[in-house]
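Please read this briefing alongside the sequence and the model shown below.

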Amino acid sequence: MTYKIICVFLIAFFTYLPRVIPLLFFKKPIKNKWFQSFMYYMPYAVLAALTFPAIFFSTNSIWTAIIGTVIALGLSYFKINMAVTAILCVIIVFGFSYII
């Protein structure tokens, strides 16, 4: 339980920090397109880097984690709602955990 709480705080800290630092040091609007793009995608990259490894250790079997990841990637490719994707993946992984 404490591992999950620590992960949530780390995700919050490292996604919020890149947004606050420019506000503290730059008084004028940032016009550099590369830097704007970098700051836009940074929270998503950090969130993915912190949560993706936890996916593979969340179940007792690596195969159910792989199945859930493949299903989630497939559903997200077709732009299915995130809540629907999460619920379907939980149900599918739960079902496969009894089979495997």
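How are H2 and H3 oriented to each other, oblique or roughly parallel? In this predicted model, helix H2 (residues 33-56) and helix H3 (residues 62-77) pack at an angle of about 130° with their axes 8 Å apart, and they are therefore oblique to each other. Residues are numbered from 1 along each chain as its sequence is written, and side-chain values use heavy atoms, with hydrogens and water left out. Because the model is predicted, local features need pLDDT of at least 70 and side-chain atom pairs count only at pLDDT 80 or more, whereas totals for chains, interfaces and linings use all residues.

**Confidence**
- The protein chain averages a pLDDT (the predictor's confidence in each residue, from 0 to 100) of 84, and 100% of the residues score at least 70.
- Within the protein chain, H3 has the highest confidence, at a mean of 91, while H2 has the lowest, at 81.

- Helices are DSSP runs (H or I, at least four residues), numbered from the N terminus.
- Axes are lines fitted to C-alpha atoms over the stretch in contact, and angles run from 0 to 180 degrees between N-to-C directions; those under 35 degrees count as roughly parallel, over 145 as roughly antiparallel, 65 to 115 as roughly perpendicular and the rest as oblique.
- Phe52, Ile55 and Phe56 in H2 meet Ile62, Ala65, Ile66 and Thr69 in H3, where contact means heavy atoms within 4.5 Å.
- By class, this contact of H2 with H3 has six nonpolar residues, one polar and no charged ones; Ala, Val, Leu, Ile, Met, Phe, Trp, Tyr, Cys and Pro count as nonpolar, Asp, Glu, Lys and Arg as charged, and the others, Gly among them, as polar.

**Largest pocket**
- A pocket is an open set of points on a 1 Å grid over the protein atoms alone, where a 1.4 Å probe fits, with protein on both sides within 12 Å along at least five of seven lines; lining residues have an atom within 4 Å of a point.
- The largest pocket holds about 770 Å³ of space, a volume being the space filled by probe spheres set on the points, which are joined across faces, edges and corners.
- Its lining has 22 residues, of which Ile55, Ala72, Thr85, Ala86 and Cys89 lie nearest the centre, and H2, H3 and helix H4 (82-99) are the elements that give two or more residues.
- H3 gives the most to this lining, with seven residues.

**Second largest pocket**
- The second largest pocket has a volume of about 220 Å³, and H1 supplies the largest share of its lining, five residues.
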